[in-house]
Amino acid sequence: MTAYSIVYAPLDQATRTEQVVERLSNAIISGILQADEQLPNENELSRLLGVSPVTVRDALNTLRARQLIDTRRGRHGGSFVCQVSIETMQKYHPLRMMASGELADFSEFHCAVIGHSARLAAQRSTPGELKKLGQLIENFAAATQPDIRMQTDMRCLLTLASQAQSARLANQELEIQAEWLSLVVILYREDAIHSEVASAWNTLLAALYKGDSLACYQLAQKMITQITDRLLECKLRMDTDAPFLQGSYRK
């Protein structure tokens with residue numbers, strides 16, 4: 001599972017142009033899709049996202065108007081991600097676009113999913129499965145680049161959900177990641193926050209090995225809550241145009 005498979009995962013049946021714009025815009029602003037990266041063509045985007053070509057075309061027109069993508073003609077032409085300015089990042093960043101109450105509500109839902117996943121994983125995971133999760137956590141702790149930190153944290157969360165052996169929980173976590181990825185990547189530009197989350201993962205892993213389902217439930221929820229608190233702090237700085245965001249993007 002990669003960040004790209006989350007970005008280009010099918011949208012639900014109620015999809016409208018705005019949802020496609022939001023998905024791709026968030027991926028561009030947060031750096032999941034990087035400058036000069038080529039998007040899939042319109043037909044491929046239509047297939048991947050599960051929407052009509054007309055919806056994709058309208059969404060791409062909106063992204064062009066926001067100067068998030070540009071279109072190049074010729075043999076190697078197509079839609080490419082623009083180099084996004086600090087001002088555009090601040091204006092369209094998903095944290096800025098999301099109300100604080102909406103973020104808190106989203107976090108509560110994520111806490112419920114990952115908390116129950118951890119509780120069931122404590123009861124159902126094999127030593128081999130926990131070893132696999134431990135290796136992913138080690139990779140996360142050792143990562144130095146924000147995008148790698150984001151990717152490995154995503155894999156940790158999806159692996160934990162899969163080890164609950166509940167298809168419903170795993171699918172819910174997969175859907176959550178489509179929105180969660182573009183929010184947390186900004187945090188992983190900060191080494192202190194990355195270390196804090198890595199420590200939380202290691203504490204959770206120790207509880208999983210002990211099979212302590214209640215502790216796992218509580219620790220998983222605490223980890224998501226701590227990340228959300230950091231996101232809310234970042235949003236406050238962003239909304240007041242404090243230098244935190246600019247400093248983070250220059251790293």
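The protein averages a pLDDT of 88, and 91% of the residues score at least 70. Over residues 244-251 the pLDDT is below 50, and this stretch has 19 contacts in the model beyond near neighbours in sequence. Where pLDDT is low, the predicted coordinates should not be read in detail. The model is predicted.

**Fold and dimensions**
- The protein contains 13 helices and two strands.
- Its radius of gyration is 19 Å, close to the 18 Å that the globule rule gives for 251 residues, so the protein is as compact as a globular protein of that length.
- The C-alpha trace spans about 60 × 40 × 35 Å along its principal axes.

**Packing and surface**
- Of the 251 residues in the protein, 49% are buried.
- Among contacts between residues at least 6 apart in sequence, 74% join residues at least 24 apart.
- The protein exposes about 12000 Å², and carbon and sulfur atoms supply 49% of that area.
- There are 26 positive and 28 negative charges, and their mean positions are 3 Å apart.

**Residues with positive phi**
- Most residues other than glycine have a negative phi.
- D36 is not a glycine, yet has a positive phi of about 75°.
- D36 is in the loop between α2 (17-29) and α3 (42-49), and is exposed, with a relative accessible area of 54%.
- Q165, also not a glycine, has a positive phi of about 55°.
- Q165 lies in the loop between α9 (146-163) and α10 (167-184).

Definitions and conventions:
Residues numbered from 1 in each chain as written. Predicted model: local features only at pLDDT ≥ 70, side-chain atom pairs only at ≥ 80, totals over all residues. Heavy atoms only, no water. pLDDT = per-residue confidence, 0-100. Contact = heavy atoms within 4.5 Å. Helix = DSSP H or I, 4+ residues; strand = E, 2+ residues; numbered from the N terminus. Rg over C-alpha atoms; globule rule 2.2 N^0.38 Å. Buried < 20%, exposed > 50% of the residue type's maximum accessible area, 1.4 Å probe, protein only. Areas by Shrake-Rupley, 256 points an atom, 1.4 Å probe, with all protein chains shown as cover. Lys, Arg positive; Asp, Glu negative; His and termini not counted. Charge placed at Lys NZ, Arg CZ, Asp CG, Glu CD.
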